[in-house]
Each structure stands twice: as C-alpha cells, then as structure tokens.
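Me: I have a protein model open and want to learn to read it. Can we go through it in short steps?

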Amino acid sequence: MAKIVPSVFGADIGRINEQLQVLEKNGIDLLHVDMMDGSFVPNIAFGPDQIKMMKKGTKLQFDVHMMVYEPDRYIPRLVEAGAHMITVHQEATTHLHRTIQLIKSYGVRAGVVLNPGTPPSTLEYVLDDIDCILLMTVNPGLGGQKFFQSSLEKIRKTKAYIGNRSIQIEVDGGVNAELAKECTLAGADLIVVGSYLFEGDIEANLEKLSKGVLTE
C-alpha cells in the first residue's frame, strides 16, 4: 500500500488554509512542497519564508522538494521552517554526498530526485545514505503535464536496484487515480498528486486516489 502525498503547488493559494484543513480531516499527514528558483526550473515557488508561514497553520509534515541549484545554501533555513524530509536533484548539485550529509546532520530525512532522463544507477554510491528516491514522472517545474508511461518501468527498475534497503520510492507528476494504482503496483511508496487532487472536490478525489493505492 502506498501513501498519497498532496502537492501544494496544485492548490488554490487563495484558499490554502481551508484546503490544508480538508486534507488533515481526511487523514493526510504529509504535504509535498515544491521550492523552485526560476533557474533550475522555469517557475519560482515557495521559498523558506513562505514554507515557514504555511507550516504555522497546519499539523501536516512537510516533504520539501528542492528544484534549485546549489541547494546547500537553503537547507538550514528549510530545517528551521519545519521540513520533515528534504529532497534534492541529483542534477542540481555538484557534491551530492555532501548535500545529503548536510540534510541528515539536522536529523531530517534526505532524498534524491531524478529527472525523467536520469537513470537510478547514478545513485550507486549514495544508496546507503538516503531515505527516499523521488522519480519525476514529468519534467520538473510546471504543473498539469502528462505522465510519462516509461516511468512505470523506471519505478520497477528502481525497486530492484534498491534491493533490501529501507528506501522509499516517491513519484511526482501527472498522476491521477488510475496512474496512482499503476505506480503502486510498480513499487512506489509515496504518490505525489497536485492538479488532479485540487481540481474539483478534494474529498471525492482523495477517495478515488485512496482506492487506487489500497491494492495488494
């Protein structure tokens, strides 16, 4: 069984407190928060100050996905803002191992993000140091994109590559209820959902998504 992780990037920013309360009421405990620098990806979103303000209004734990170059500069502030887990792009830092160690030095879970074209084999020498691998199932930085079907095979290969290590596989991008089920069957543990969840009735969409991930 996988866990649904709503992405606040898909929420209505004008109703954010209301929508976070709906998520909490329906049993969600982890929120995916995208941090974007306008350079590594085209958009700018959710810096440490905004994350800290948002954290004050919710009991949800924050899974912060850093889409920024030189992430080490911001990690201390994200920890102070209340991040529960921080994931950094393998493609965005020159010294990946050092960045992972910095995150873990604060007692925070550390993960690595792979773009659609980056194979899991690039993580060979950090596998014993990470808690999560986040597989982008669209190109990062823009909402509403179509899920890459090749991602399902990548999930399966990543699952095999991890072996018996206690590393979670997270997927992010273009996921709906049917794809949530397919990703779960392929081996994903955390299913990030943005646009699909927040467009329309959040509670009804959560129910559809939950049925997809509650599969043997």
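Me: Which helix holds Thr184?
Reply: This is a predicted model. In it, the place of Thr184 is a helix. That helix is α6.

Me: Is Thr184 buried or exposed?
Reply: A residue counts as buried under 20% relative accessible area. Thr184 has a value of 10%, so Thr184 is buried.

Me: How far apart are the C-alpha atoms of Thr184 and Met54?
Reply: Along the chain, Thr184 and Met54 are 130 residues apart.

Me: Now Thr93. Where does Thr93 lie?
Reply: Strand β5 covers residues 83-89, and helix α4 covers 96-105. Thr93 lies between the two, in the loop.

Me: Is Thr93 buried or exposed?
Reply: The cut-off for buried is under 20%. Thr93 has a relative accessible area of 13%, so Thr93 is buried.

Me: Which residue has a side chain joined to that of Thr93 by a polar contact?
Reply: Leave aside neighbours within four places in sequence, and Thr93 is in contact with Pro71, Asp72 and Thr99. A polar contact of 3.1 Å joins the side chain of Thr93 to one partner. That partner is Thr99.

Me: What span does helix α8 reach?
Reply: Helix α8 runs over residues 202-213, twelve in number. At 1.5 Å a residue, 16 Å is expected. From first C-alpha to last, the helix comes close to that, at 16 Å.

Me: Where on α8 do its buried residues fall?
Reply: The buried residues are Ile202, Asn205, Leu206, Leu209, Gly212 and Val213. Seen down the axis of α8, they fall within an arc of 115°, so they line one face of the helix.

Me: What covers the buried residues of α8?
Reply: The cover includes two strands, β1 (3-6) and β9 (190-193). It also includes the helices α1 (16-25), α6 (177-186) and α7 (195-198). Thr184 has its place in one of these helices, α6.

Me: Which backbone nitrogen does Asp201 reach at the start of α8?
Reply: Asp201 uses a side-chain oxygen. It comes to within 3.0 Å of a backbone nitrogen, that of Glu203.

Me: Last, the whole protein. What is its radius of gyration?
Reply: The protein has eight helices and nine strands. For 216 residues the globule rule gives 17 Å. The protein comes close to this, so it is as compact as a globular protein of that length, with a radius of gyration of 16 Å.

Definitions and conventions:
Residues numbered from 1 in each chain as written. Predicted model: local features only at pLDDT ≥ 70, side-chain atom pairs only at ≥ 80, totals over all residues. Heavy atoms only, no water. Helix = DSSP H or I, 4+ residues; strand = E, 2+ residues; numbered from the N terminus. Expected span 1.5 Å × (residues − 1). Buried < 20%, exposed > 50% of the residue type's maximum accessible area, 1.4 Å probe, protein only. Arc of directions from axis to C-beta. Contact = heavy atoms within 4.5 Å. Polar contact = N/O pair within 3.5 Å; in protein donor to acceptor, adjacent residues only side chain to side chain. Rg over C-alpha atoms; globule rule 2.2 N^0.38 Å.
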